[in-house]
Amino acid sequence: MSASPASLHAPEVSVERAGIQTTVQDGGRFGYQHLGVVPSGAMDMESLWLANALVGNGSDEAALEMALQGPTLRFATETLIALAGASFGIRAALGQSVALLPTNRPILLAAGTQIAFAPAPDGARAYLAVAGGFDVPWVLGSRCTYIPAGFGGHQGRALQKGDILALSPQASATARARFNHLQKKNPGVVCRGSMAMTVRWSVRPGSLPDDEVTLVRFINGRHRPLFTAQALQAFESSTYRISPDSNRMGYRLVGPRLERANTRDVLSEPTNLGTVQVPPDGAPIVLMADHQTTGGYAKIAEIASADIPRLAQLRPGQEVRFTPCSLAQALALARAARLALADKTRALAWQYQA
Amino acid sequence: MGSKPAIRVQSVIPLGDTAVLVDFSDHLDPDVNAGIQRLADAIRRRNLPWIRDVVPAIASLAIHIRCDLTDAADTLEMVHSLVDACLGDKPPRARPLRPPLVVPVCYDSEFGLDLHDIGERTGLHPEEVVRRHLGSDFRVLMVGFVPGHPYLGGLDPTLAVPRRSAPRLRMPTGTVAIANAQCVVYPYEIPGGWSVVGRTPLRLFDAARARPSLFEPADTVRFERIERPQFDQIAQREGTA
């Protein structure tokens, strides 16, 4: 690896191409929903937690969420990174040297390395974590970006070409110290090109689609009695496609329209991540990370929280089916998912113990 | 809760496995709404680790929970007993009463796009529509949808008009609008189907302020008429121009 003139540069990342929508996201902004502030945070929380664990960070640390097409970034100093989630290809370049880097592992990048991403064959979003974290301001207890109101993350918006993101001032020292731990525990660290070193193992998130049609579980929505029997039947038995105008606020579903038997207005009331609401046109919308905190549309279903990460990895045009479960089952799924993830993160944390 | 009318749980419904909705009424009742807001404060005062957010709404309340921090098999039962216990909590001594929020609004025809239309529907002169809007004693029923977006109750009943059949795609920031018995103020440019009476130059939400949201649940609100030069002056100061 080339020597890094660490003292000459502050740890930072410059954005050479923006990607479709790259934002700073973390574990979410809680405690302000009564003022209309939605938690936001990573769409696929499981991949965020894993990306952070792969570089030795706390689970909820801020990382870059990249959607569909990633950015091109350059790291000013030596940095320990990991990409988890959608299987984007990582292409690293430093001077004349070019290398393809693996996902779902910790990678030590030399100062000055540029990385670009090839579109993912699987999944919609990936999370780039750096050891020590990104140094963007805290807004209402979180670093995540909420684009509709323009706050959080980097200047309240998606990254643009020319942006410079500061990393934690200790990011470079942290990268070296943590990689030393990895080297001690993992004989035979692998060099990729002249700019990257990594390990021989990887830890994958469980949120990538593994079938043509993704099956997602739901519990009954509170306005089910307002729908026709055919609508309830259609929702459970049809295949829906993710519409191209889906975004971080909601996934619009293309498929059978869901008609109401009773069209009385419902009072505006709180919504939740995973609420499936049906506007008067009958086309259902699944509320995602940046959803409105309250709404007046009828709720036909609520997606089990354990299945949100897999839903968040679906791209426009991909197919999904909905199958019912009980509240007790949804709770059991959520707790099992937490335990499985805790197992992975504990194993990874061990890699960084002295 | 002393002489305040008590509220009673009507139903407890899961909003998925990470939130529980508690219903108190199927229609807007100002006393029930105020009771829900006091209940939300009482729940929040307990600082329970498994609760992430308490959201009082018009006739219901949602509690967002971390199901990994409780081993309860039945979160509905857990929330129901918490709500029952909190309904019995004594309110804190001398809860500071916030003074009425006075919100400047410019009703010029450039901003009050639907004053004539409301006048036609209600049989009132547009100037009388403004007078009755100014004369209404509003109360914040709920803040929701987007940050700082208030739903105000207390509109003069003679101004109750239904929502417009064709919503506007963009309501400019600060737009003051009415529908049925309520009034809203749009903190951001979002679509809306309510009838527009004017615009405020105030910034409704600013994450950097000590009180990020100008409107908070239970605030009392009065609108105050300003003319265009004053509007521009305040907009300049607030950075909303």
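## Domains of chain B

In chain B, the C-alpha centres of domain 1 and domain 2 lie 29 Å apart. Domain 1 of chain B covers residues 11-87, and domain 2 of chain B covers residues 101-238. The contact between them draws 8 residues from domain 1 of chain B and 8 residues from domain 2 of chain B. On the side of domain 1 of chain B that touches domain 2 of chain B, the most is given by helix α1 (residues 30-45), with 4 residues. Sorted by class, this side of domain 1 of chain B has 6 nonpolar and 2 polar residues, and no charged residues. The model described here is a predicted one.

## The sheet of chain B and its helix

An open sheet of chain B is formed by 4 strands in the order β1-β2-β4-β3, with antiparallel pairing. Strands β1 (11-14) and β3 (51-56) of chain B stand at its edges; each has a single partner strand, so one side of each has no neighbour in the sheet. From one strand to the next, the twist averages 20°.

Strand β3(B) is joined to β4 (residues 60-65) of chain B by 5 bridges, and the two run antiparallel. Within this pair, B:Val54 has B:Ile63 in β4(B) as its bridge partner. Helix α1(B) packs on the sheet and touches β3 and β4 of chain B; the direction of α1(B) makes about 165° with that of β3(B).

## Chain A as a whole

Chain A has 5 helices and 22 strands. Its radius of gyration is 21 Å, close to the 20 Å given by the globule rule for 354 residues, so chain A is as compact as a globular protein of that length. Along the principal axes, the C-alpha atoms of chain A fill a box of roughly 70 × 35 × 35 Å.

Of the 354 residues in chain A, 53% are buried. Among the contacts in chain A with a separation of 6 or more, 79% are between residues 24 or more positions apart.

## Domains of chain A

Chain A is divided into domain 1, residues 6-205, and domain 2, residues 213-337. Taken over C-alpha atoms, the centres of domain 1 of chain A and domain 2 of chain A are separated by 31 Å. Their contact takes 17 residues from domain 1 of chain A and 11 residues from domain 2 of chain A.

Helix α1 (residues 45-54) of chain A gives the most to the side of domain 1 of chain A that touches domain 2 of chain A, with 3 residues. By class, that side of domain 1 of chain A has 8 nonpolar, 6 polar and 3 charged residues.

## The seven-stranded sheet of chain A

In chain A, 7 strands form an open sheet in the order β2-β3-β10-β5-β8-β13-β12, and the pairing is antiparallel. Its edge strands are β2 (21-25) and β12 (190-192) of chain A, each of which pairs on one side only. With direction ignored, neighbouring strands of this sheet are turned by 25° against each other on average.

A:Gln25 has A:Ala63 in β3(A) as its bridge partner. Helix α2 (residues 171-185) of chain A lies across β5 (79-85), β8 (107-109) and β10 (125-130) of chain A, and runs at about 75° to β5(A).

## Contact between the chains

Across the contact between the two chains, 37 residues of chain A meet 40 residues of chain B. On the side of chain A that touches chain B, at least two residues each are supplied by β17 (269-270), β20 (294-295), β21 (298-303) and α5 (327-351) of chain A. The largest share of this side, 7 residues, comes from α5(A). By class, the side of chain A that touches chain B has 19 nonpolar, 13 polar and 5 charged residues.

## Loop residues with positive phi

A:Leu68 is not a glycine, yet has a positive phi of about 60°. A:Leu68 is found in the loop between β3 (63-67) and β4 (72-75) of chain A. A:Leu68 counts as partly exposed because it has 17 C-beta neighbours inside 10 Å.

In chain B, B:Asn180 has a positive phi of about 50° although it is not a glycine. B:Asn180 lies in the loop between β9 (175-179) and β10 (182-185) of chain B. With 15 C-beta neighbours inside 10 Å, B:Asn180 counts as partly exposed.

Terms used: Residues are numbered from 1 along each chain as its sequence is written. Chains are lettered from A and ligands numbered from 1 in the order in which they are written. This is a predicted model: local features need pLDDT of at least 70, side-chain atom pairs count only at pLDDT 80 or more; totals for chains, interfaces and linings use all residues. Domain bounds come from an automatic or database domain assignment. Two residues are in contact if their C-beta atoms, placed from the backbone, lie within 7 Å. Ala, Val, Leu, Ile, Met, Phe, Trp, Tyr, Cys and Pro count as nonpolar, Asp, Glu, Lys and Arg as charged, and the others, Gly among them, as polar. A residue is buried if 20 or more other C-beta atoms lie within 10 Å of its own, exposed if 12 or fewer, and partly exposed in between; C-beta atoms are placed from the backbone. Two strands pair if DSSP finds at least two bridges between them. Axes are lines fitted to C-alpha atoms, for helices over the stretch in contact, and angles run from 0 to 180 degrees between N-to-C directions. The radius of gyration is taken over C-alpha atoms; the globule rule is 2.2 Å times the number of residues to the power 0.38.
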